[in-house]
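User: I am new to this structure and would like to learn how to read its features one at a time. Could you take me through a few of them, giving the general idea before the particular case?

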Amino acid sequence: MKKLLLLSLICTAFWAQAQTRLVTGVVTSSTDGSAVAGANITVKGSSTGTVSDADGKFSINVTGDPVVLSISFIGFATQEITVPASNYLAVVLQSSAEELQEIIVSVGRGSQRTFTDTPLPVDNFTAKDLVTTGQPSFDKALQYRVPSFNTVNTPVNDATTLLDPYEIRNLGPSRLLVLINGKRKNVSSLLYVQFSPGRGETGADLSGIPTQAIKRVEILRDGASAQYGSDAIAGVMNVILKDKFEYSSLTLQSGITGKGDGGMYGLALNSGANLGKSGFLNYTVELKQQDNAIRSGNIDVLTEIATFGSYSGPTSSLTDPANAGIVNFLKVNPTGGNLNGTGETSSAKFLANFAVPISETGQFYGNAAFVSKKVISNANYRTPYWRVDQVLLHTPVAGAPDYTSDPSNYFAPGTTQYNQLVADKAAGKYEGYVGYMPTFEGDLKDYNATLGAKNETNGWRHDASITVGGNEQTYSVNNTVNRSLGKASPTSFKPGGFSFKHVVGNIDLNKSLTSNFNFGVGAEARSETYQIIAGDTASYSREGSNSFPGIRAENARTNSRFNFGGYVDATWDITEKFLIQGTVRAEKYSDFGNATVGKFSTRLKLVEDKLVLRGSISSGFRAPLLHQIYAQSTQASFAGGTIVLSGLFNNNSKEAYLLGIPKLKAEKSVNFTAGLGLTPISNLSLTLDFYDITISDRIVYSSSITTSDPNSTLGKILAAGNLTSVQFFINGIKTHTQGLDFVASYKNIELGTGKLAMNLAGNYVLTNDIVGAPNDPQVIKDAGATILNTQVKSLLTEGRPKYKTILGLDYAIGNFNVTLNNTLFGPTKFQDLDNGGSNMECIKQVFSPAVVTDLNIGYQFSKNISASFTINNIANVLPKWKLELTHNPDQTIDNANYANAQATLNDPTAKQLLEGFLEFSGRYRILGYNGSQFSQLGTAFYGQLVFKF
C-alpha cells in the first residue's frame with residue numbers, strides 16, 4: 001500500500017511538472033508601436049505575476065490549461081488573453097482614448113451602452129487628459145477640456161477663494177448635477193453673492209476632488225431630471241474613481257507663474273490593494289500649497305479724486321489742495337497698497353474607493369472622501385483718504401480732541417463731528433495713520449461617503465446604497481475694525497459661516513426582459529440640512545467689521561427638508577439599428593410640493609453603423625436650494641441719525657411678505673437635443689449636437705431694491721422697516737438657451753516614427769436670452785424699480801464666452817509624449833448701470849476673443865519613473881476689454897442717453913473716468929470681476945515627477 005501511495009505522489013509530481021510551462025511575450029503600445037515597460041502581467045485568479053522589461057518583454061511560468069493572463073498598464077485598457085499553444089504572446093495595449101470608445105457609459109439610466117452607441121451626447125476624459133492640462137485643480141483642468149464648461153478666478157475673493165463658481169452651457173453651477181461613482185455629491189454651503197457668473201447659486205466643490213484619484217470623467221450634455229431628479233437641467237458630471245489596484249505611485253508637483261509668484265507645491269500618493277478574486281481598495285492622499293499671485297492694477301488718479309476727493313477737471317483736480325492727500329499717497333503707492341489676486345490656499349485631501357465580492361455576481365462597495373482647506377485673501381487696501389476708521393484706534397497728540405473716549409461715539413460720514421475728525425487727521429493731529437488692509441481667512445471641511453451592495457438575481461440587477469455628504473465653512477477677518485465700536489473695537493473678528501449636509505438613499509433595479517427590451521425602476525430618498533452660523537457680536541454690531549460684516553444672531557438658523565422620488569425607465573431596441581428610450585420620474589418635497597417629469601430619446605444607426613442620428617426631448621425641474629430659501633444676510637449702517645438695515649432678506653421674512661415676494665417654487669425646464677455621430681474610418685470620429693433649453697420660473701438673486709420716492713408704497717415699506725434697500729430670491733424670469741456642441745477626433749496618424757492624435761471640440765451659443773419682462777412684484781413695479789437691473793441681466797446673458805473651441809495635438813514618439821492645446825475663448829460682455837449713470841445702458845465692456853496655448857511634454861525615464869513639464873499660456877495672453885456703444889436699431893434706449901453715451905466715448909477724459917469707475921479706479925484693470933473668460937495670471941509653469949512602486 002505504501003508503495004502504491006509513493007508511486008501516486010511521484011506520478012502527480014511528474015504530471016504537475018509536465019503542466020508547468022514557460023510563457024513569453026512582448027507588450028507594445030497601439031499608439032506608436034513602442035515597447036511598454038513596466039506592464040503588469042498576472043495569471044487570472046492567482047497571485048502569480050511579473051512585469052515587462054525595458055524592451056516590453058516578459059516571461060512567466062504558468063500551470064494548467066487553459067490559462068488566462070491579465071495585462072495592464074496605466075493609461076491603457078486592461079486585456080485578458082488565453083495563452084495559446086505556442087506559449088508566446090504579442091500583446092498590443094490600446095490607449096485609454098481608444099478604451100473609452102468601447103467602455104460602458106456609467107452616466108444615465110437604462111440599458112448599458114458604449115460611447116459610440118449612446119443616444120445622448122456624452123464627453124469622456126481620462127486621468128491623462130486632465131493631467132496634461134497642467135492645471136493645479138480638477139475644475140481648472142475641465143476649463144481646458146470641456147468647451148461648454150467655464151470657470152475663472154475672481155479678485156478680492158472673500159469666501160469665493162474657497163471654490164470658484166463654474167457652469168456648463170451658461171446655466172449656472174446649480175443646474176449641473178455632480179456624481180461620484182454614480183452617486184449624488186453634496187453641494188457647497190457657500191452661496192455666491194459677488195457680481196460674477198454663478199451669482200446667487202452654489203455647486204459641488206470640484207476643486208476638492210484630487211485628480212490622482214480619478215479614473216475618468218463622463219459628462220452627459222443633456223437634461224437628466226427624469227433620470228436623476230433636481231439639479232440636472234444642464235447635464236450630469238459623473239466622476240469615476242480609480243478601482244483595481246495595479247501599482248502605487250507618488251506624484252510630486254510644483255509650479256509658478258511667469259511673474260515669479262503663485263507658487264504651487266504638492267505631493268500625492270495613490271495606492272491600495274487587491275482584495276480576493278475581484279475586490280480592491282484604492283486610495284489617494286494629496287497635500288498641496290498654493291501661494292497667492294498678485295495682479296494689482298495702478299490706480300487712475302483722476303478717477304480716485306472723482307470718487308474720494310473734489311473733482312473739478314483733469315488739470316485743476318491734480319493741483320487742488322483738497323486732493324493733495326490722494327495725489328501724494330498715490331505717487332508713493334501707485335497701486336493704492338492693494339494686493340489683489342488669487343488667495344493663498346493650503347489643502348489636504350483623502351479619498352478611498354473599495355469593493356468586496358460577496359458572491360459570483362454580488363459586490364459590497366463604497367467610497368469616502370474628506371477635504372480640508374484653509375485660504376487667506378486680501379481685501380482692498382483702506383487708503384487714509386478712503387476710510388478714517390483707524391483714527392479711532394490711535395491716540396491723539398496733545399491738544400487734539402479724543403474721539404475715542406466714548407465707544408458710543410460713532411460719527412456718520414457727512415456729519416459735523418465726522419468732518420471735524422477728518423480735518424483733525426489731515427492736520428496731523430493723529431499719528432501713524434497710513435491706512436490698512438483687511439485680510440480674510442476661510443476654513444472649509446467637505447466630506448462624502450457611500451456604502452452599497454449590488455447583485456444579480458434571476459436576471460434582475462439590483463443596487464442599493466446610502467450616501468452622506470457635507471460642507472462647512474467658517475470665516476475669520478483680521479487687521480480691520482468695527483468703527484461703530486470706537487476704541488472698543490477688536491481688530492480680529494469671527495463673522496460666522498455656513499454648513500450644508502445631506503443623506504441620500506438609492507435603490508435601482510433593471511432587467512433585460514427580452515433580448516431587445518430593458519426595464520428599470522428605482523427610488524431615491526434624500527434629507528438636506530442648511531445651517532447659518534452667527535458671527536461674534538463685534539463682527540455684526542451696528543456697522544459690523546469692515547470689509548466682511550458678520551452674520552447677525554437673528555439671521556442664524558438651521559433648516560431641513562426631505563424629498564422622495566421614483567422613476568421608471570424602459571429601453572427598446574426595435575431593430576439592431578433603431579432604439580427608443582423613455583423615463584418618467586415623480587418627486588415629492590416637504591417644502592414646496594411635487595414634480596413630475598419625463599424624457600424620451602432615440603437613436604438610429606445608418607451606413608453600416610458609421611452614421612448615428614440621435615435626439616431627445618425632456619421636461620425637467622430644479623428645486624430651490626435651501627440656501628436660496630433661507631439665506632438672510634443683513635447689514636446695519638448709520639443714516640439719518642439712526643441704524644438702518646440693508647441686504648438679503650429670505651422669502652419667509654416680513655419684509656418679503658410686505659413687498660409681495662412669493663415663496664420660492666421649483667424651476668421648470670424643457671430640453672431638446674438633436675445630433676449626429678459620424679465614424680467614416682476606424683480612427684476618425686465626429687459628433688455635432690444642437691441643444692435648446694427653456695427654463696421657466698428661473699430663480700434669480702435680485703438687484704438691490706430701493707427708491708428715491710418716499711411716498712411710493714415701496715418707499716413707505718422701506719421707511720417703516722428702517723430699510724435702505726432689500727434683496728431677495730424670486731422665481732423671476734424665463735430664459736431660453738440654444739447652442740451647438742462639436743467634437744472631432746482623429747488618432748493613430750503615422751508621423752515619422754511616432755503617432756499623432758488630433759482633437760477638436762467646440763461650443764457655440766446661438767441664443768442666451770431672458771424671455772419677456774422680469775416678474776416684478778407690483779409694489780416694486782409701481783415705484784419704477786425692478787428685480788433685475790442691467791448688471792444682473794448682463795451677467796446672466798453675456799457673462800460667459802459666446803463660443804469656445806479647443807484644438808489639441810498629442811504626439812507620442814519613443815519615451816516622449818507631447819501635447820499641444822490651443823483654446824479659443826470667444827467674446828463676453830458686461831454692462832454696468834451703476835457706473836456712469838443712465839449712459840451705461842448704452843455702453844458695454846466687451847472682452848475680446850483670445851487664444852491660450854498650452855504645451856505639455858512628458859518623458860518616461862524608466863518603467864518606474866516619469867516626468868512632465870507644462871507651460872500654460874505660452875504667449876502670456878491676458879483678457880482685454882474695451883468700451884463699445886450698444887446697437888440701438890429699435891430705439892429702445894432714450895435718444896438723449898444714447899447721444900450722451902456717444903459723447904462720453906468721444907471725450908478722452910470722460911472715457912478715462914468711466915473706465916476707471918468700471919475697475920474701481922484701476923484696481924481691477926487686470927483682475928476684472930466681470931467678463932474675464934480665462935485666467936488673468938498669464939504664463940505659468942508646472943512640473944510633475946511620478947514614481948511607481
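User: In which strand is Lys454 found?

Analyst: Please keep in mind throughout that this is a predicted model. Lys454 is found in strand E22, which covers residues 439-457.

User: Is Lys454 buried, partly exposed or exposed?

Analyst: A residue counts as buried under 20% relative accessible area and as exposed over 50%, with partly exposed in between. Lys454 has a relative accessibility of 37%, and it therefore counts as partly exposed.

User: Which residues is Lys454 in contact with, leaving aside its neighbours within four places in sequence?

Analyst: With those neighbours left aside, the contacts of Lys454 are Thr361, Gly362, Gln363, Tyr365, His462 and Asp463. A separate value concerns Ile507, which is 53 residues from Lys454 along the chain, while the C-alpha atoms of the two are separated by 9.5 Å.

User: How many salt bridges does the structure hold, and how should I read one?

Analyst: The general idea is that side chains of opposite charge can pair when their charged atoms come close. The structure holds 36 salt bridges, and one of them joins Arg800 to Glu167, with 2.6 Å between the closest N and O atoms. Arg800 lies in the loop between helix H15 (790-798) and strand E36 (803-813), whereas Glu167 belongs to strand E10 (residues 166-168), so this pair ties together parts that are 633 residues apart in sequence. Both Arg800 and Glu167 are buried.

User: Which residues are linked with Glu524 and Arg526 in a network of salt bridges?

Analyst: Glu524 and Arg526 form a salt bridge in which the closest N and O atoms are 2.7 Å apart, and both of these residues are buried. The network that links them also takes in Arg184, Asp231, Glu528, Arg561 and Asp591.

User: At what angle do helix H6 and helix H8 pack?

Analyst: Two packed helices are described by the angle between their axes and the distance between the axes. Helix H6 (residues 301-308) packs with helix H8 (residues 324-332) at an angle of about 140°, and their axes are 10 Å apart. That angle makes H6 oblique to H8, and H6 passes H8 in a right-handed crossing.

User: Which residues of H6 and H8 meet there?

Analyst: From H6 come Val301, Glu304, Ile305 and Phe308, which meet Ile326, Val327 and Leu330 in H8. The residues of this contact between H6 and H8 divide into 6 nonpolar, no polar and 1 charged.

Notes
Residues are numbered from 1 along each chain as its sequence is written. This is a predicted model: local features need pLDDT of at least 70, side-chain atom pairs count only at pLDDT 80 or more; totals for chains, interfaces and linings use all residues. Side-chain values use heavy atoms; hydrogens and water are left out. A salt bridge is a side-chain nitrogen of Lys or Arg within 4 Å of a carboxyl oxygen of Asp or Glu. Helices (H or I, at least four residues) and strands (E, at least two) are DSSP runs, numbered from the N terminus. Buried means under 20% relative accessible area, exposed over 50%, partly exposed in between (1.4 Å probe, protein chains only). Axes are lines fitted to C-alpha atoms, for helices over the stretch in contact, and angles run from 0 to 180 degrees between N-to-C directions. Angles under 35 degrees count as roughly parallel, over 145 as roughly antiparallel, 65 to 115 as roughly perpendicular and the rest as oblique. A crossing is left-handed if the near helix is turned anticlockwise from the far one by less than a right angle, and right-handed if clockwise. Contact means heavy atoms within 4.5 Å. Ala, Val, Leu, Ile, Met, Phe, Trp, Tyr, Cys and Pro count as nonpolar, Asp, Glu, Lys and Arg as charged, and the others, Gly among them, as polar.
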